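Look at the sequence and model first.

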Amino acid sequence: MRKPTDNGIPSTLDTENRPKNRIQVSREAKSVSFFVNLTKKFLQAEEEVELSGLGLAVTPAVTVAEILKNREYVYIKRIRTSLEERPGERRWAIPKARIQIWVTKSDKFHQLIAREQEALQSQTVA
């Protein structure tokens with residue numbers, strides 16, 4: 001396990017201190033729609049969710065946040081960018097871009113989720 005970085009933010013490998021409401025978006029493992037739906041599920045239990053993207057996953061993390069914001073599920077509370085040094089195969093650490101986006105439920109969140117669930121139930125009945 002790694003110690004917190006100099007700026008006070010725990011490393012991504014520090015699983016003990018990682019918040020339970022963080023979604024680490026990946027570029028290749030799952031689709032953007034997977035992370036959109038996962039964020040909606042997290043928000044049903046939490047007031048706030050952190051979307052985190054590292055390296056090439058920065059763009060998908062931003063895309064997830066923008067889709068949710070444009071569909072009025074969330075408000076974007078805070079965005080933070082940084083460079084994180086990761087040990088590489090070479091002698092030097094390789095810096096990677098990192099983005100953290102905190103989203104909170106919008107005023108319409110529960111109404112939109114209820115409408116989604118009604119639509120799913122009507123499709124299964126028909």
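The structure holds two aromatic pairs. Rings of Phe, Tyr and Trp (its six-membered ring) pair if their centres lie within 6.5 Å; planes under 30 degrees apart count as stacked, over 60 as edge-to-face and the rest as tilted. This is a predicted model: local features need pLDDT of at least 70, side-chain atom pairs count only at pLDDT 80 or more, and totals for chains, interfaces and linings use all residues. Residues are numbered from 1 along each chain as its sequence is written, and side-chain values use heavy atoms, with hydrogens and water left out.

**Phe 34 and Phe 35**
- These two rings form an edge-to-face pair, 5.2 Å centre to centre with 80° between the planes.
- Phe 34 is partly exposed at 34% relative accessible area; buried means under 20%, exposed over 50% and partly exposed in between (1.4 Å probe, protein chains only).
- Phe 35 is buried, at 5% relative accessibility.

**Tyr 73 and Phe 109**
- The ring centres of Tyr 73 and Phe 109 are 6.2 Å apart and the planes meet at 75°, so this pair is edge-to-face.
- The pair links distant parts of the chain, 36 residues apart.
- Tyr 73 is buried at 7% relative accessible area, and Phe 109 is buried at 0%.

**Charges over rings**
- A charge sits over a ring if NZ of Lys or CZ of Arg is within 6 Å of the ring centre and within 35 degrees of the ring normal.
- Lys 30 lies over the face of Phe 34, 5.1 Å from the ring centre.
- Arg 78 has its charged end over the ring of Trp 102, 4.1 Å from the centre.

Terms used:
Helix = DSSP H or I, 4+ residues; strand = E, 2+ residues; numbered from the N terminus.
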